[in-house]
Amino acid sequence: MTAPLVVLVGPPGSGKSTVGRELAERLGVGFRDTDADIEETAGKPIPDIFVDEGEPHFRELEVRAVRAAAAGHAGVLALGGGAVMAGATRELLRELPVVFLEVPLADAVKRVGLDAPRPLLAVNPRARWRELMEARRPLYLEVATAVVDTAGRTPEQVADAVLEALELKTPHD
């Protein structure tokens, strides 16, 4: 079984995709995002999946996407913000090097504007983001091998902190 070198989890705006690409480049490996995998499989954007088939269907697709990526991707893997809600996903992550990218609301707002097409943040995005974090933070912490605070840091600085937290060496070290 091929397993990821790094799995990134965290809420919308934490930098999973941006930091993930940076890490993959530094480590000389591929980057994979389960949200992109889901959109490719479904043939439509995630907001459309929520509208057309509902959140339960999306979550099923998400569990399958995480399972496939966890078993078949040897690089850096970014999971959707809600992936940790599924017990099956948390179980899969127990054996993997998972980093929770923690982000304060103010930084998340700057990064995603909270007006991007994110189905769970459509109504009262700030309050909804806080509610999501209250529900998800314990789960992020449960699966995390390491926690990296992204507050006020550039993606490069966050990538440095992830590499340090997991004691990973880049080909240039």
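Guide: Buried means under 20% relative accessible area, exposed over 50%, and partly exposed in between, with a 1.4 Å probe and protein chains only. The model is predicted, so local features need pLDDT of at least 70 and side-chain atom pairs count only at pLDDT 80 or more, while totals for chains, interfaces and linings use all residues. Residues are numbered from 1 along each chain as its sequence is written, and side-chain values use heavy atoms, with hydrogens and water left out.

Visitor: Is Leu141 buried, exposed or partly exposed?
Guide: Leu141 lies in helix α7 (residues 125-143); helices (H or I, at least four residues) and strands (E, at least two) are DSSP runs, numbered from the N terminus. Its relative accessibility is 38%, so Leu141 counts as partly exposed.

Visitor: Leaving aside neighbours within four places in sequence, which residues is Leu141 in contact with?
Guide: Contact means heavy atoms within 4.5 Å. Beyond four places in sequence, the contacts of Leu141 are Phe100 and Val147.

Visitor: In what order do the five strands form the open sheet?
Guide: The elements of the chain run β-α-β-α-α-α-β-α-β-α-α-β-α from the N terminus on. Two strands pair if DSSP finds at least two bridges between them. The pairing in this open sheet is parallel, and the order is β2-β3-β1-β4-β5.

Visitor: Which strands stand at the edges?
Guide: A strand at the edge has a single partner, so one of its sides is left without a neighbour in the sheet. The two strands placed like this are β2 (31-33) and β5 (146-149).

Visitor: Which residue in β3 stands opposite Leu8?
Guide: Strand β1 (residues 6-9) and strand β3 (residues 76-78) pair in the parallel sense over three bridges. Leu8 has as its opposite in β3 the residue Ala78.

Visitor: What angle does helix α8 make with β5?
Guide: Axes are lines fitted to C-alpha atoms, for helices over the stretch in contact, and angles run from 0 to 180 degrees between N-to-C directions. Helix α2 (residues 34-42) lies across β2 and β3, and runs at about 65° to β2. Helix α8 (residues 155-166) packs on the sheet and touches β1, β4 (98-102) and β5; between the directions of α8 and β5 the angle is about 160°.

Visitor: What is the angle between the planes of Phe50 and Phe58?
Guide: Rings of Phe, Tyr and Trp (its six-membered ring) pair if their centres lie within 6.5 Å; planes under 30 degrees apart count as stacked, over 60 as edge-to-face and the rest as tilted. Phe50 is buried at 14% relative accessible area, and Phe58 is buried at 3%. Their aromatic pair is tilted, with 4.9 Å centre to centre and an angle between the planes of 40°.

Visitor: Which residues does UniProt list for "binding site"?
Guide: UniProt positions are given in the numbering used here, feature names are shortened, and annotations may be inferred rather than shown by experiment. According to the unreviewed UniProt entry, the positions are Asp35, Arg59, Gly81 and Arg136.

Visitor: Is Arg136 buried or exposed?
Guide: For Asp35, in helix α2, the relative accessibility is 24%, so Asp35 counts as partly exposed. Arg136 is found in helix α7. At 5% relative accessibility, Arg136 counts as buried.
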